[in-house]
Amino acid sequence: MSIDSKIAKPRVNMQPHQKAILAAGLVSLILWAIPYLQQLMLPLQYLNTHLHEFAHAMAGQASGGDVEYIKVMADGNGVTPIGGGSIWLIGPAGYVGAALIGAAMIWFSRTEKTAQNTLRVLAFFLALSMLLWVRGDFVGVISGIGWVAALLGASMYLKGNALLFAAQFVGLQQCLNSIQAVYTLLNISAFSEMHSDARVMQNNTGIPAVAWALGWCAFALIMVILSLRRAWTLPT
């Protein structure tokens, strides 16, 4: 008998909701990449855009800027005019902030109780954004209100693996949203922003837009891996 045959190989026993999260994440990436199917992702895109723009606004406030408003439009685009502040914080904040929000949601959604609290905290900050800054487009406003209600409803009525799936899936979507920075730059995403954050950073720093986009994408993927490993290896 060889030495290798005596070495026990670890076996990964994934829970059904964990397999479902990975499958759903893969499907969402495929849908984002196919122009005619991207409309299926529009409801999630509204949430992604709300949180993306909220992160820009928070960075603007933190760096001494004046946030005029957040506008989330019917096609999933978003814009947050900010006077002053640090471009080094505000520019990357949309994708980096969304990735951090998503990773935190996955990280803390390890049990039913923590998943429930995570959804409620996200609903609170989304509601705060709606009160402070979200203005303009009717669909954008309604989508924000709808997601606040959906997050609170999920925290109240979902149980067990369904609750864990909901919280971790929403978190995963925020992380994967950073991949849209690359889609936007390559002009293959129907949800691409009218102004590219990567190109804004290029214009203000001289660092190529592709470097910013790929950097945000890499950061988000690292956050996904670390947070999922943490959430799935601890006892629930």
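**Close-up 1. The lining of the second largest pocket in this predicted model is made of eight nonpolar, three polar and no charged residues.** Here Ala, Val, Leu, Ile, Met, Phe, Trp, Tyr, Cys and Pro count as nonpolar, Asp, Glu, Lys and Arg as charged, and the others, Gly among them, as polar. A pocket is an open set of points, on a 1 Å grid over the protein atoms alone, where a 1.4 Å probe fits, with protein on both sides within 12 Å along at least five of seven lines, and its lining residues have an atom within 4 Å of a point. The space in this second largest pocket is about 220 Å³, and among the residues that line the pocket are Phe-54, Ile-101, Thr-114, Asn-117 and Phe-125. Helix 4 and helix 5 (112–132) are the elements that each give two or more residues to the lining, and helix 5 gives the most, with six. The model is predicted, and local features need pLDDT of at least 70, side-chain atom pairs count only at pLDDT 80 or more, while totals for chains, interfaces and linings use all residues. Residues are numbered from 1 along each chain as its sequence is written, and side-chain values use heavy atoms, with hydrogens and water left out.

**Close-up 2. Helix 4 packs against helix 5, with axes that come within 8 Å and cross at roughly 155 degrees.** Helices are DSSP runs (H or I, at least four residues) numbered from the N terminus, and their axes are lines fitted to C-alpha atoms over the stretch in contact, with angles from 0 to 180 degrees between N-to-C directions. Ile-101, Met-105 and Phe-108 of helix 4 meet residues of helix 5 including Thr-114 and Leu-122, where contact means heavy atoms within 4.5 Å.

**Close-up 3. Helix 3 (residues 42–62) and helix 5 pack at an angle of about 70 degrees, with their axes 10 Å apart.** This angle makes helix 3 roughly perpendicular to helix 5. Leu-47, His-50, Leu-51 and Phe-54 of helix 3 meet Leu-122, Phe-125, Leu-126, Ser-129 and Met-130 of helix 5, and by class this contact has seven nonpolar, two polar and no charged residues.

**Close-up 4. Helix 4 (residues 87–108) and helix 9 (residues 197–205) pack at about 160 degrees, with their axes 9 Å apart.** Helix 4 and helix 9 are therefore roughly antiparallel to each other. Residues in this contact include Trp-88 and Tyr-95 of helix 4 and Val-200 and Met-201 of helix 9.

How values were computed:
Angles under 35 degrees count as roughly parallel, over 145 as roughly antiparallel, 65 to 115 as roughly perpendicular and the rest as oblique. Grid points are joined across faces, edges and corners, and a volume is the space filled by probe spheres set on the points.
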